[in-house]
Structure formats: structure tokens, C-alpha cells
Amino acid sequence: MNLRFTSYTEARELGLLCSLVFGALLFSISAACAQLTLKEAFANTFRIGAALNPSQFSEENAEAVALIKSQFNSITPENILKWEAVHPKPDTFDFGPADSYVAFGEKYKMFIIGHTLVWHNQTPKWVFEDAQGTPLTRDALLERLHDHISKIVGRYKGKIRGWDVVNEAVDDNGNLRRSGWLRIIGEDYLVKAYEFAHEADPHVELYYNDYELEKEAKRKGVIALVKKLQAAGIQIAAVGNQAHYKLESPKLEQTDTVITELSKLGVKVNITELDINVLPAPGQFSGAEVSQLFEPAKGLDPYPNGLPDEIQQKLAKRYADLFSLFLKHRSSITRVTFWGVTDGDSWLNYFPVRGRTNYPLLFDRKGKPKPAYDAVIRLAPQQNQSK
Ligand code: XIL
């Protein structure tokens, strides 16, 4: 190439331009190298998890797999280990999806969570009845519970590392929820469930998982429950704070109180189902009780074609504030798990109102990191070290 400059100034300007372009290129290459993924950025702080469904762990979509394995080091099954899925009939266990979930976790060296053994939702009615439809006796239900827990925990012994043994056993007032378990067996169904899980895998971590722990009555009930379990000799490794949050609530101070108070029990406080709902709540809806469903109505689905920038920024700030708080409590938290990977995966597109377009996670519908992702990464201790 033969370049001829008519003047010295022209040549100098081109030189300057080249060095600017080269500099910018170098900067963006080094920025890209310095950009760690979530699991790398929080490597020495807490595990970063995601809830998965079969379309992800069956590996049918290579891009989804690439995203999951680069960003996360723990997984939770969104539905496939719930009673109705894994044990749909008295003598039928469907281990296919659970086997492939666990195989996926082992292949990519994930910390594999089991969710959940005892719950009032997604548990078939037959569980509490005999073949004639008559309510089971206490002994018969205990036997059924034992069989369920020992088969499932036993099958994945040494592979699933922690179990949400009991999910949501406390009601909004802080009393034990009047589920089939409580009505038929009585209060000790809780101790029994943990004993059965421990018997099936003595090394697996045992968790209690619940939502809206920021509400005082509920939190008190959960604290009382954990103390009772501990008094009965159960080793609770962690309480899971589901953290199905909204943009404005709960307040950070409330989440701060949850982590502080629960960690005083000598347990870890994990964030187990994190998402931030940016859509309006239907009229009487409160909480995350999954049996409440509402029909679509005017005004409930305001962003079908994309999230306005203003809300996007609010979401980023909300995530940054929460992660700052989690970092402050890093000695109490071992895992932060998101309830889904991309916005398109989230249950909040169909709960508590069917057919909406929600934006609760760190990756958009194409799997691209959102501003909230950058806001979270910027806070990470590893990220700051690598600068
Ligand atoms: C939700 C799933 O995400 C949905 O796909 C399903 O229809 C209902 O359950 N608390 C829990 C989770 O512990 O198991 C729930 O998951 C969300 C609330």
C-alpha cells in the first residue's frame, strides 16, 4: 500500500487516529478478558445457582447450556423433583427427568440441590388417602412419607448435596400450615421428614425453605420451627429465604433483618429462589402462595414489547442493592440461586397472572446479560481484584 500525505499535519492526524483506534481496541479486548462470569466473580463468596427445567438439562439447546455452565455453579430443579412429578401414582416413580437433571449437574460439576420432599403444593391428593379415597391414618401416611423420602434421597445419595426437605410449612400468621401432613400426622411430621432424609443420606445438607420471611409473624414462626427441629437433634444446615421480590419491596432493611435474625440460629441463610417481579400485582394478591392464580386484566401486562429504560435502571439498582447486602452478610450466605436463567424461562410470566411478559432475571429472552447483570458483576469481590 502506498500512502501519500500532502502535508505533515495530515500524516500526524492519521497517526493519531490509528493510535486511538488501536488503543480503543486494546481497551475493549482487555475489558472483555477482565469481565468475569457470575460464578467466577463470586467464586470466593457464595455459590451462584439457577433453577432449571427439562428443556435446559436435556441439553437440547446448546446456547442455553453454554450460558448455564459458564455463569452458574449450582442448580435446583424447578419442578421435576416435586411429589406430583417424581411420584405421580402410589406405585409409580418417574425418575427419568430427575436422573437427567442430576447427570447434567455432575457433568458440569455443579453443586446439586434437591427441591423439595414435603410441601402442600404440587402434591397429589391421593398421597393423603387410601385406595378407597378414605383419609390415611397417621401410621400409614408416615410410612408413605418414609418410602417417598428414602427412595428419592437414597437414589441420589452423594450426588444431590443439599435437600429442601420441607417447603413452606409456616403460614402467614406464623402458625404451622394446616396441610394434610399436619392434620393427619401432627406436628412431628416435620422432625420425621428430616430424620428420614438424614437416614437415607447421612452426609446430605438439610434445609428448610420458605417465602416472605421479612414479615415478622412469619419469620417468628420459622425461627420457632427451626429451634424445635434443632432441639429434636436435627442438624439444619441452612434456612432458604426464597426471595421472590418486587422492585420496591421488601425494603433492604427488612431483608437485612431476615439474614441477621436467622443466622443467629447457627444456620446459613441461603437465597434460594431470587427474582424481581417488575409487573403490577393483581388486586388482592399477596405473597408467593402458588395456588393463587388470576386472569389477565387491563393494565396487568404493561411491557409486552420490552422494558422501558427507566424500569431497566431501577431493576439494575435493585439487584445491586441486594447483592451489596448479600456481600455484607457473606459469612452467613453460602448460595444465591435465581429462580430461572433468562426472563423467558421465569414462572412470573404465568404466575400469579397467566400470559404476561415479565423481566425478573439477569439475562434477557435471548440470553444476553441485562444492565442488572453488569450492576451485580461490578460489585463482585473477584471482579474488583482482577482490575
Ligand atoms: C413454581 C414453579 O416455578 C412453577 O413452574 C410451578 O408451576 C409452581 O411452582 N416457591 C417454591 C417453588 O418453592 O417450588 C415454586 O416454583 C415457586 C414458589
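1. Residue A238 belongs to strand β6, which spans residues 238-241; helices (H or I, at least four residues) and strands (E, at least two) are here DSSP runs, numbered from the N terminus. A238 counts as buried because its relative accessibility is 2%, where buried means under 20% relative accessible area, exposed over 50%, and partly exposed in between, computed with a 1.4 Å probe on protein chains only. Leaving aside neighbours within four places in sequence, A238 is in contact with L206, Y207, Y208, V267, K268 and N270, contact meaning heavy atoms within 4.5 Å. The C-alpha atoms of A238 and I271 are separated by 9.9 Å, and the two residues are 33 apart along the chain.

2. On the basis of the note: this is a predicted model, in which local features need pLDDT of at least 70 and side-chain atom pairs count only at pLDDT 80 or more, whereas totals for chains, interfaces and linings use all residues. Residues are numbered from 1 along each chain as its sequence is written, and side-chain values use heavy atoms, with hydrogens and water left out.

3. For the protein chain as a whole, the secondary structure comes to 14 helices and nine strands, and 52% of the 387 residues count as buried. Among the contacts with a separation of 6 or more, 79% are accounted for by residues 24 or more positions apart. The chain exposes about 18100 Å², of which carbon and sulfur atoms supply 54%; accessible areas come from the Shrake-Rupley method with a 1.4 Å probe, and for residues only the protein chains shown count as cover.

4. The ligand is surrounded by 15 residues, the closest being E78, K82, H115, E273 and Y350, where a residue is near a molecule or strand if one of its heavy atoms lies within 4 Å of it. This shell divides into five nonpolar, six polar and four charged residues; Ala, Val, Leu, Ile, Met, Phe, Trp, Tyr, Cys and Pro count as nonpolar, Asp, Glu, Lys and Arg as charged, and the others, Gly among them, as polar.

5. The ligand has 410 Å² of accessible area on its own, and the protein covers 90% of it. A polar contact is a pair of N or O atoms within 3.5 Å; within protein, one must be able to donate a hydrogen and the other to accept it, and residues adjacent in sequence count only if both atoms are side-chain atoms.

6. The largest nonpolar core has 109 residues, among which L274, Y319 and F323 touch the most other members; such a core is a set of buried Ala, Val, Leu, Ile, Met, Phe, Trp, Tyr and Cys residues joined through side-chain atoms within 4.5 Å. Helix α12 (residues 309-328) gives the largest share of this core, nine residues. Not counting residues up to four places away in sequence, L274 touches Q242, A243, Y245, Y319, L322, F323, F326, V336, T337, F338, W339 and L361. A second, separate core of five residues includes A51, W339, L348 and F351.

7. Two buried residues with polar side chains deserve a look. R177 is placed in the loop between β4 (160-167) and α8 (180-185) and is buried, with a relative accessible area of 14%; a polar atom of its side chain lies 3.5 Å from the backbone oxygen of V170. Q312, in helix α12, counts as buried at 15% relative accessibility, and touches L307, K370 and P371, not counting residues up to four places away in sequence.

8. Backbone geometry should be read against the background that most residues other than glycine have a negative phi, and most peptide bonds are trans. The peptide bond from S249 to P250 is cis, with omega near -5°, and P250 lies in the loop between β7 (244-246) and α11 (252-263). The bond from F351 to P352 is cis, with omega near -5°, and P352 is placed in the loop between β9 (335-338) and α13 (371-379).

9. Positive phi values occur at E168, near 55°, and at A243, near 65°. E168 lies in the loop between β4 and α8 and is buried at 3% relative accessibility; A243 is found in the loop between β6 and β7 and is buried, with a relative accessible area of 3%.
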